[in-house]
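I opened this structure to look up a few things and keep notes. The entries below follow the order in which I went through them.

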Amino acid sequence: MVIRKRCLLWDWTNTKNCPQMIDKVDFKGPFHSVSNWNTWYPTELKHRAPFRPMVRLEAQLSGQDWQNILNSNETVIHYFNEPERAGISAQHAADLWHKQMVPLRRTKGKKLVSPSCSNDEAGQAWIADFMHRVKDNGPDYLGLHYYGTKGSEAIAFIQSMHKKFPKQKVIISEIACISRNYKEVLDFTVHVTNWLDQQDWVAEYAWFGCMQHPADGFVSPQAQLMNPDGSFKELMKKLMTEQPMKS
């Protein structure tokens with residue numbers, strides 16, 4: 001039986017530059033859903049998999065972005081992407097959560113993902129503060145990010161966060177190895193993927209990322225899932241077809 005937890009991080013620029021490449025994704029395999037860090041739907045997906053709209057920052061709580069959320073038929077909504085690095089306090093995020101996000105669940109039946117913070121100390125402190133402030137109307141899922149070089153440390157971090165917040169299943173909305181050595185990236189990805197597939201409290205996880213060019217100098221080019229011409233790299237093909245994955 002195929003375990004379907006993998007979310008495809010389909011960069012928003014792909015919609016303009018290489019939309020046809022999504023036709024090559026097998027959505028009957030482990031890839032189950034798609035995210036593009038935005039509220040708008042990538043039309044090239046053609047409803048072949050669930051889409052995960054994201055209220056990335058406060059700007060998405062108004063205007064056309066918010067209308068996209070209100071009009072969406074999708075069931076899971078992500079809230080805030082690394083807000084601690086955008087200068088958004090946990091108190092302000094909690095106020096906006098109660099004002100705009102919680103009503104989505106109450107009136108539209110949406111499932112809500114908490115803000116996804118960095119795995120550093122500042123990110124951990126921020127999400128702990130936020131979760132305390134919304135404890136009476138908490139998220140359906142705990143959102144996490146993880147970047148590092150050792151699979152065992154990634155697993156330990158994810159376990160520790162689940163232990164702190166055991167009521168919510170976990171959605172890892174970004175994860176990747178930052179090593180510049182492909183063998184190390186592959187070993188990390190294989191190790192963590194196979195472990196995540198076996199945890200019943202992990203709902204989804206998303207490897208960063210399917211984009212033509214690295215987003216910044218922090219992420220590793222060796223961990224990217226797409227070449228500059230839009231074609232898929234070996235790692236993407238393995239994530240699309242292998243379960244369990246093999247080094």
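Entry 1, helix 7. I looked up helix 7, residues 234–241, and found Leu235, Met236, Lys238, Leu239 and Met240 buried. Buried means under 20% relative accessible area, exposed means over 50%, and partly exposed lies in between (1.4 Å probe, protein chains only). Helices (H or I, at least four residues) and strands (E, at least two) are DSSP runs, numbered from the N terminus. I then checked what the buried residues of helix 7 pack against: strand 1 (6–9), strand 2 (31–35), helix 6 and strand 8. Contact here means heavy atoms within 4.5 Å.

Note on the source. This is a predicted model, in which local features need pLDDT of at least 70 and side-chain atom pairs count only at pLDDT 80 or more, while totals for chains, interfaces and linings use all residues. Residues are numbered from 1 along each chain as its sequence is written, and side-chain values use heavy atoms, with hydrogens and water left out.

I read off 14 residues for helix 5, residues 151–164, and a reach of 20 Å from its first C-alpha to its last, close to the 20 Å expected at 1.5 Å a residue. The expected span is 1.5 Å times one less than the number of residues. Which residues of helix 5 are buried? I listed Gly151, Ala154, Ile155, Phe157, Ile158, Met161 and His162. Seen down the axis of helix 5, these buried residues fall within an arc of 160 degrees, so they line one face of the helix. The arc is taken from the directions from the helix axis to the C-beta atoms. An α-helix has 3.6 residues a turn, so residues three or four places apart point the same way. The buried residues of helix 5 pack against helix 4 (121–133), strand 6 (141–148), strand 7 (169–177) and helix 6.

I searched the whole structure for disulfides (a pair of cysteine sulfur atoms within 2.5 Å) and found 0. Cys7 is in no disulfide, and its nearest cysteine sulfur, that of Cys210, is 11 Å away. Cys18 is in no disulfide either, with the sulfur of Cys210 nearest at 7.5 Å. Cys7 counts as buried at 5% relative accessibility, and Cys18 is buried at 1%.

I found Gln199 in the loop between helix 6 (182–196) and strand 8 (202–207). Is Gln199 buried or exposed? Gln199 is buried, because its relative accessible area is 16%. The side chain of Gln199 reaches the backbone oxygen of Trp195 at 2.9 Å.

I noted a cis peptide bond joining Phe208 and Gly209, with omega about -10 degrees. Gly209 is in the loop between strand 8 and helix 7. The peptide bond from Gln243 to Pro244 is cis, with omega near 0 degrees, and Pro244 sits in the segment after helix 7. Lys46 has a positive phi of about 55 degrees although it is not a glycine. Lys46 belongs to the loop between strand 2 and strand 3 (54–55) and is exposed, with a relative accessible area of 52%. His47 has a positive phi near 60 degrees. His47 lies in the loop between strand 2 and strand 3 and is exposed at 65%.

UniProt, in an unreviewed entry, places the feature "domain: Asl1-like glycosyl hydrolase catalytic" at residues 36–236. The positions use the numbering given here, feature names are shortened, and annotations may be inferred rather than shown by experiment. I computed 16 Å between the end C-alpha atoms of residues 36–236, a span that is 36% helix and 16% strand.

Definitions and conventions: A polar contact is a pair of N or O atoms within 3.5 Å; within protein, one must be able to donate a hydrogen and the other to accept it, and residues adjacent in sequence count only if both atoms are side-chain atoms.
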